[in-house]
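Trainee: I would like to learn how to read a structure that is new to me, going one feature at a time. Could we look at it together?

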Amino acid sequence: MLTLLGALFVFTSCATKPLPEAQTLHKSDQLHIQKLTKNVYIHTSYLSTESFGNVACNGVVFLDNNEAVIYDTPVDDASSAELLNWLANHGITKVNAVIASHFHEDALGGLQEFHSRGIASYAHPRTPELAREDGVTHLPQNTIDGSRVFNFGNRTIVAVYLGEGHTADNIIAYFTDQRVLAGGCLVKELNAGKGYTEDANLPQWPTTIRRVQQHYGRGRIVIPGHGAYGGKELLQYTRELFEEKP
């Protein structure tokens with residue numbers, strides 16, 4: 001039986017366990033692939049913008065037994081082809097689905113390349129409508145109404161909509177086995193500014209983050225849409241960033 005002191009030590013050690021250090025596996029001018037855990041990779045591509053310059057945009061690859069589910073495409077078809085080719089060259093024989101977290105280019109800009117390879121795409125029901133209004137012609141094929149479980153190998157993730165924030169349609173994904181949360185542009189990296197908010201629901205954003213904390217606050221690793229990954233402190237930072245100050 002653990003003594004009180006021993007139990008406290010175990011609890012503290014678990015609570016302060018450092019985050020894994022990402023290992024670079026591939027890097028080119030348009031795509032960066034990092035291994036975060038055995039089953040989670042981050043893909044980063046680069047979007048040229050007038051307001052913010054060349055912006056690094058994160059997506060996530062969930063892997064198991066040579067199968068994958070991808071959260072957000074790279075920003076265009078060329079970088080999406082580079083990602084999919086790299087996965088195929090490293091034994092990932094089947095990409096079961098791609099999830100577009102929202103209707104902006106940094107989430108679905110490379111969708112046509114996925115579709116050309118027969119990979120099914122999923123997004124919030126409003127995403128096709130909002131993307132079409134934004135001039136996008138290649139749209140997600142299937143919708144996630146509330147939440148949906150996706151299988152890859154012997155593992156699963158859940159993609160879920162918890163409310164408006166960065167956009168009206170932002171979806172997150174959670175990998176329960178390894179407590180990894182892909183937050184997309186709903187979640188900010190530490191010390192980030194508010195960024196692009198023209199399509200945002202600013203009053204609702206902190207409420208949505210509060211729901212994320214309530215349902216997925218046990219997440220150990222949180223991956224934002226832009227910038228460095230971290231822990232659950234990213235959720236609290238994002239919530240406080242958009243809360244109205246008295």
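Trainee: Which residues does alanine 159 touch, not counting residues up to four places away in sequence?

Mentor: Please keep in mind that this is a predicted model. Leaving out those sequence neighbours, alanine 159 touches Ile99, Ile144, Gly146, Ser147, Arg148, Phe150, Ile171, Ile172 and Ala173. Alanine 159 itself is found in strand S10, which covers residues 155-161, and one of its contacts, arginine 148, is 11 residues apart from it in sequence while their C-alpha atoms are 5.4 Å apart in space.

Trainee: Is alanine 159 buried or exposed?

Mentor: Alanine 159 is buried, because its relative accessible area is 0%, and buried means under 20%.

Trainee: How should I read a helix, and which residues of H6 are buried?

Mentor: The general idea is that an α-helix has 3.6 residues a turn, so residues three or four places apart point the same way. Helix H6, residues 205-216, has 12 residues and reaches 16 Å from its first C-alpha to its last, close to the 16 Å expected at 1.5 Å a residue. Its buried residues are Trp205, Pro206, Thr208, Ile209, Val212, Gln213 and Tyr216. Seen down the axis of H6, these buried residues fall within an arc of 160°, so they line one face of the helix. The face turned away from that buried side carries the exposed residues Gln214 and His215.

Trainee: With which side chain does the side chain of threonine 127 make a polar contact?

Mentor: The side chain of threonine 127, a residue that lies in helix H5 (residues 127-133), makes a polar contact with the side chain of aspartate 169, at 2.6 Å. Threonine 127 is buried, with a relative accessible area of 0%. Leaving aside neighbours within four places in sequence, threonine 127 is in contact with His102, Phe103, Leu108, Pro140 and Asp169.

Methods: Residues are numbered from 1 along each chain as its sequence is written. This is a predicted model: local features need pLDDT of at least 70, side-chain atom pairs count only at pLDDT 80 or more; totals for chains, interfaces and linings use all residues. Side-chain values use heavy atoms; hydrogens and water are left out. Helices (H or I, at least four residues) and strands (E, at least two) are DSSP runs, numbered from the N terminus. Buried means under 20% relative accessible area, exposed over 50%, partly exposed in between (1.4 Å probe, protein chains only). Contact means heavy atoms within 4.5 Å. The expected span of a helix is 1.5 Å times one less than its number of residues. The arc is that of the directions from the helix axis to the C-beta atoms. A polar contact is a pair of N or O atoms within 3.5 Å; within protein, one must be able to donate a hydrogen and the other to accept it, and residues adjacent in sequence count only if both atoms are side-chain atoms.
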